[in-house]
Amino acid sequence: MNCFQPLWTGAGAFICAPVFFFRAIFAPLLVPAALWCCQCLLAWQVRACLDPVDEMQKMAELLGLRDECEEGTVGAPALAGSCLADNRLNLDVYPDGCHRFLQLFKEQQGEVVQVEFLRLSSNDCLLDTTLGSLPHLKHLKSLVLKGGLARDEFGSYQHGSLTSLPPDFGNLRCLTHLDLSFNKLSTLPSCILHLPSLRVLLVSHNSLVTLPEDFGCLSKLTFFSAMKNQLKDLPQSIGKLSMLQDLDLSENALELLPEEVGNLHNCTELDLSGNRLLSIPESLANLKSLRRLHLHSNLLVTVPASLASLPNLSRLDLQNNCLRAIPAEIQTLPFVHVRGNPLGETEPSPQADKSSTRRLKRLFLASGEGSFTVTSEGCRVVLACGIHFYFPPGAASDSLRIHFRSLTPDPQWVKLRHHDVLLSRVLELQPHGVQFQQEVQIWMPYISPQTPHQHEVVVRTFSGQSWNDLKTRVKQKRKSEKCVAHCCVLHFSWFLVVSRLVQNECKVPAEGTLLFSSVDPNIKVIFPPGVTKEPRSVKLQVLPVSAEEIQEITANAGCRASPLLCLSQDSTVDFLKPVRIQLPLPPGVTGLNLDRSRLHILHGDLEGQTWNDITSEVVLEFTHLYAVFEVTHFSWYWLWYTTKTYIGGIAKKVYERLRLYQVDPVLKKLQDRYRGPEPSDMVEMFEGEQFFAAFERGISIDMDRPDCVDGRLSFIFYSHLKNMKEIYVTSPVDRKGQAVKGQVSFYRGAVPDSIPEDANRRRKGPDSLWLATLPIKLPQLKPRDENPGPLYGFSFPPLNLGNAETGYLTQANLLSIARRVGADWQSIGLNLGLTYQQIERIGYNNREDLNKQILDMLFSWAQQNSEDPDCVRKLITAMKESGRQDIADEVETIIELGRQKYSESIRRLGLEQESSTEDSAIAMM
């Protein structure tokens, strides 16, 4: 058995290392925090990062820019102070974000209408009401109405409720950035076409079938993403988007591209992967600015050789298509990827089956997507979580929409058998009960079990009434070392992966047969002729028990036991003749030194609640190594060797302890930083047992979460699964005067009904539900320094990145950018051009402070590139390549405002361009 053990490495940091046996160290964690993640993997861990207000304050102090940071926030009401930050309103992090917006709009309309950046969750129930107020925000430049930020009761991501926009939405003349991803749009709202300043449009993960014919009127559009929709064709007007630089149409249903696509002369990246394209137009060779062209996972049978003439092309992805030959001009290019094509294969003969002439379509689904379509042609599907499907041609007679979701296992519904271990989440496939014409193959990743020799991995499915195990094959991927369980099904329902005791089974005919255990071949079951009239299925499972385990639990060196044998059958009728069972004698006992008065054969019910001594009811025979006896019905059988007379109670106690997972919590002393009870020496938990996390002593959390019960976060203990939850914590204490030293404590839930009696007794008492306590410290907010100097070793000369014509980025701008960066600072630094050695050194020198790592990275790059007039463009590109389009958009907004300010100064003062030295930086606060 194995788990992950957090090891303390300093303030605000911990690592996880595998250790033998199920143990968990409750590592102390002391970090300035307002965002916490609780994770249970036989261990409880807490992770944090600063809330926006604290983070802004701290980073402002680092560079001595508190005056600029606090501008516009001092004296604001409490609600505005927590939500409204200068011209920015980020409400998608709140479950009641739309309510907060409506309240702010009512109470502080004058300030709200000046907002330039607004984020709302389209999962909010008040979204429709809020949409009516948005056209009043005439200065709005960036609007995010994104779904996928909420989950249902099973933990699956939910698409937003947005299906349309109000007609007067087109009055937002300043809007440059619009994100409507993860919603339910079936058509693109016509009002979007009336946004003259729109430059970035994201409508990915919707249900769009087509784009408007006049889509090309968005002449300023530079970025457009419609991935994960159902687009079948494109309007010819798309060629009018002359300023478009990035176009993402991946994972749609496109079969043909218009020639006008070749008019996108400024396009640098074009993603058409995951469609149904048989060919691409020759006009793509006109895209002289194109750097990356993604065409993988289509049905391409040919590609134009003219693509090799594109001067700036650095990546051409042709993987997983139907290409049997590639032009030599393309094949010799070093940046072309062609894996997964039938290169060199001959064309099939006309008489060949048509199904063999077309390669199966491949679908790659991203995180958050919940459905795909299967046709009679079949397909292969790969989910973001690593689950694979293979639908052979003819499996579905008609086009069928498959819906899927990954569910958190609920112990009230997922009934595990004794000694079962859950290795995966629950996969639900709909429509339930649909019958396929051929078997569909499923590959499910799972956590590798810690007792592989005693257990086996199977896929278990729910029929609507009971769970049944499927015939399963397992394999381990060589490169990733991930374990995958493979099964075949003819219908869809719920599926999960479990580790169970190794099961041997056979069909018993009237002529009789022999069944033995693959775990311990010395265990045999002999069925004589005439044992049954009709064939019946018999299953055998064995749980080995070491002598050390018996001695430890019973505290008696004289107690010994054989492996535990479980027999079951699919019939309720007893056998017509006795069945002969052979069990090995307990360790250290042989037929030569056997004291028959100390040997007991025990019979247990299937739940292991009662164990009866049936020694006097059966005829025991002995050899040198084995005991043999006969029975007519099946259940648990156990051979014990002891001087005790009442052996049934001892066997029950041992059986219960074998089902428990032992967690050994150790809490390091924190001296004056921690006041609380010491953890117990041993914590015992059952697979599927509930426990809670309670935030105490000045720390509070959002009580409206669905997993919050009586102010505590609910968790379910599964020995092999992670249980991570992200929450925001606050404190009613005024942190300007003092730090808050709180704690999070872990408690058991109500004692389960099925808990064994012995374990139930041990859990009685005033502290029986308490597990452990961890300290949480929120630092004191430092007072404003009238003459701030360089802090924490940061001291930079004045920075003016860029040039006079486009505007500069100053320290204030970089500070604001740093506020938006998080744990992805390393990838951003690499994309900015910093070396791996620089990144490692920055991380090590500031290993106890994420904010200092971000600042050190960003200002190190700024100093290295302060003389480069093109450095701002490089910063924008790096942010896009790092997946931070939001930061790239804001930097572009700053530059645009700087350019406007510069032009106005030229007109106002009548100066020549060369003589203007005005600083055109705009603070991004």
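Rings of Phe, Tyr and Trp (its six-membered ring) count as a pair here if their centres lie within 6.5 Å. With that in mind, Phe372, Phe389, Phe391, Phe404, Phe436 and Phe492 make up one aromatic cluster. Keep in mind that what you're looking at is a predicted model.

**Aromatic pairs**

- Going by that pairing rule, you get 21 aromatic pairs.
- Take Phe527 and Phe634: this pair is edge-to-face, at 6.2 Å centre to centre and with 65° between the planes.
- Phe527 belongs to strand 34, while Phe634 sits in the loop between strand 42 (626-631) and strand 43 (636-641), so their pairing ties together parts that are 107 residues apart in sequence.
- Both Phe527 and Phe634 are buried.
- Another pair is Phe691 with Phe746, which is tilted because the planes are at 50°, with the ring centres 6.3 Å apart.
- Phe691 has a relative accessible area of 0%, so it counts as buried.
- Phe746 is buried too, because its relative accessible area is also 0%.

**Arginines over rings**

- Arg88 lies over the face of Phe117, at 4.7 Å from the ring centre.
- Arg536 does likewise with Phe575, lying over the ring's face at 4.5 Å from its centre.

**Helix 9**

- Helix 9 covers residues 647-659, which is 13 residues.
- From first C-alpha to last, helix 9 reaches 19 Å, close to the 18 Å expected at 1.5 Å a residue.
- How many of the 13 residues of helix 9 are buried? Ten of them are, so the helix is largely enclosed by the rest of the structure.
- The buried residues of helix 9 are Ile647, Gly648, Ile650, Ala651, Lys652, Val654, Tyr655, Glu656, Leu658 and Arg659.

**A nonpolar patch on the surface**

- Which residues form a nonpolar patch on the surface? They are Leu514, Phe516 and Ile526, and together they have about 270 Å² of accessible area.
- Ile526 lies in strand 34 (residues 524-527), the strand that also holds Phe527.

Definitions and conventions
Residues numbered from 1 in each chain as written. Predicted model: local features only at pLDDT ≥ 70, side-chain atom pairs only at ≥ 80, totals over all residues. Heavy atoms only, no water. Helix = DSSP H or I, 4+ residues; strand = E, 2+ residues; numbered from the N terminus. Expected span 1.5 Å × (residues − 1). Buried < 20%, exposed > 50% of the residue type's maximum accessible area, 1.4 Å probe, protein only. Patch = residues over 30% accessible without salt bridge, like charges linked within 9 Å, V, L, I, M, F, W, Y side chains within 5 Å. Areas by Shrake-Rupley, 256 points an atom, 1.4 Å probe, with all protein chains shown as cover. Salt bridge = Lys/Arg side-chain N within 4 Å of Asp/Glu carboxyl O. Phe/Tyr/Trp six-rings, centres within 6.5 Å; stacked < 30°, edge-to-face > 60°. Lys NZ or Arg CZ within 6 Å of the ring centre and 35° of its normal.
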